[in-house]
Amino acid sequence: MKDNFISLSKFLSRYACVEGKDLKKLTHEDVEVLFPQLKRTSFEIVFDNPDLLYSGKVLMVYDGKSAIPYIVPKMEIQDMDMMCVSREEEKVKPVDDKVYDYTSMSIYELRCLLVRKFNSTRNQVCARKELNKRGVEITKKYKRIKIDYSNMED
């Protein structure tokens with residue numbers, strides 16, 4: 001029977017179409033007041049008829065302190081559409097994992113691929129290899145002049 005426990009927040013999100021972080025703070029007493037349509041049953045009925053648990057008609061709901069058996073409400077598809085709030089789909093940026101032909105790209109385009117903000121690491125590595133094959137210096141080399149201080153007069 002311990003396998004059939006479900007958390008109160010999960011039960012409410014599935015059968016009362018409610019969601020949010022504050023569901024974890026609710027107790028059975030709060031649910032009794034806020035959701036009168038959810039019906040409880042007694043432990044005697046569950047112990048006498050364990051088939052109710054195994055068939056899914058009754059669920060043992062745990063709120064963090066105690067477990068109470070609830071009768072699973074019957075939901076029709078029409079009721080689901082009215083009760084559930086529809087969300088706008090989040091716009092997901094596509095991942096820029098394009099396959100480039102690095103040999104046909106100009107040096108400027110290859111240097112643009114080295115910027116981490118716009119490209120994946122794989123594109124950077126391939127662009128750096130192509131620039132090395134072409135003999136282009138990626139890092140700036142400074143021309144340093146060696147000064148001989150021994151010949152200077154004070």
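These are my notebook entries on a predicted model.

**Overall fold**

I started with the secondary structure. I found seven helices and three strands. Reading along the sequence, I noted the order β-α-α-α-α-β-β-α-α-α. I then looked up burial: of the 154 residues, 27% count as buried. The exposed surface comes to about 13000 Å², and carbon and sulfur atoms supply 54% of that area. For contact range, I took the contacts between residues at least 6 apart in sequence. Of these, 52% join residues at least 24 apart.

**Nonpolar cores**

Which residues have the most contacts inside the largest nonpolar core? I listed F11, L12, V31, L38, V61 and Y70, in a core of 15 residues. Helix α1 (8–15) and strands β2 (58–62) and β3 (67–71) each supply at least two residues. Helix α1 gives the most, with three residues. I also logged a second, separate core of nine residues, which includes L110, L113, L114 and L131.

I went back to V31 for its neighbours. Leaving out residues up to four places away in sequence, V31 touches L8, L12, P36, L38 and Y70.

**H28**

I turned to H28, which sits in helix α2 (residues 28–34).

I then checked what the side chain of H28 meets. A polar atom of this side chain lies 3.1 Å from the backbone oxygen of S66. The backbone oxygen of V61 lies 3.4 Å from a polar atom of the H28 side chain. Beyond four places in sequence, H28 touches L8, R40, V61, Y62, D63, S66, A67, I68 and Y70.

**Aromatic pairs**

I searched the whole structure and got five aromatic pairs. One of them joins F43 and F47. I wrote this pair down as stacked, at 6.3 Å centre to centre with 25 degrees between the planes. Where do F43 and F47 sit relative to each other in helix α3? They are four residues apart in α3 (residues 43–48), so about one helical turn separates them.

F43 is partly exposed, with a relative accessible area of 33%. F47 is exposed, at 54%.

My last entry is a cluster: F11, Y15 and Y70 form one aromatic cluster.

Methods
Residues numbered from 1 in each chain as written. Predicted model: local features only at pLDDT ≥ 70, side-chain atom pairs only at ≥ 80, totals over all residues. Heavy atoms only, no water. Polar contact = N/O pair within 3.5 Å; in protein donor to acceptor, adjacent residues only side chain to side chain. Contact = heavy atoms within 4.5 Å. Buried < 20%, exposed > 50% of the residue type's maximum accessible area, 1.4 Å probe, protein only. Areas by Shrake-Rupley, 256 points an atom, 1.4 Å probe, with all protein chains shown as cover. Core = buried A, V, L, I, M, F, W, Y, C linked by side-chain atoms within 4.5 Å. Phe/Tyr/Trp six-rings, centres within 6.5 Å; stacked < 30°, edge-to-face > 60°.
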